[in-house]
Amino acid sequence: DDNSQDNTTEVDIRVLDNNKTWQEETDINIFSDSTYVVKGKIAPESTGTYQFVVKNSTKYNVKYNVTFSETNNYHINMKYKLKKNNEYIIGDWVTYSELAQSNIKLNTGSSDTYYLEWKWFEGSNDNSIGEDINSKSGLSIEIRAVQTDD
């Protein structure tokens with residue numbers, strides 16, 4: 001018998017990238033800004049940057065979390081760096097699981113701009129990945145915000 005109450009209220013915040021605004025589950029093209037020559041394809045040593053903006057268009061101050069998850073059945077050696085408002089908050093190449101950000105305060109009417117830098121580092125299985133036409137890798141970004149009185 002649990003009578004405790006959860007006093008947090010999840011709020012909608014807007015996330016924008018160059019192509020669209022997303023508030024719900026939306027397909028985004030994180031890897032489209034590739035230095036590789038074939039459009040829509042990446043290869044070992046490909047790099048790029050994905051920019052997105054977290055905007056608080058509510059009338060409340062919020063705290064938000066950013067989490068990342070990866071679909072990588074072929075063990076592609078993807079590594080990431082992360083900037084917030086032009087300053088590295090993760091300046092070394094890390095795996096997706098090390099990118100998470102928690103309890104980021106964002107006042108009403110404010111926004112944070114993120115730059116997710118990515119790079120495919122060479123790995124021992126790169127040839128087999130390239131030979132399999134079905135090989136895919138994906139990264140998901142989830143942003144959740146709650147109202148705060150701070």
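Reader: In which strand is the place of Asn 103?

Author: This is a predicted model, in which local features need pLDDT of at least 70, side-chain atom pairs count only at pLDDT 80 or more, and totals for chains, interfaces and linings use all residues. Residues are numbered from 1 along each chain as its sequence is written, and side-chain values use heavy atoms, with hydrogens and water left out. Strands are DSSP runs of E, at least two residues, and helices are runs of H or I, at least four residues, both numbered from the N terminus. Asn 103 lies within residues 101-106, which form strand β8.

Reader: Is Asn 103 buried or exposed?

Author: Buried means under 20% relative accessible area, exposed over 50%, and partly exposed in between, with a 1.4 Å probe and protein chains only. The relative accessible area of Asn 103 is 55%, so Asn 103 is exposed.

Reader: What is phi of Asn 85 near?

Author: Asn 85 sits in the loop between β6 (78-84) and β7 (87-94). Asn 85 counts as partly exposed because its relative accessibility is 36%. Its phi is positive, in a residue other than glycine, and is near 50°.

Reader: How many helices and strands are there in the protein?

Author: The elements run β-β-β-β-β-β-β-β-β-α-β from the N terminus on. The count for the protein is 1 helix and 10 strands.

Reader: What percentage of the residues of the protein count as buried?

Author: The protein has 150 residues. The share of them that count as buried is 33%.
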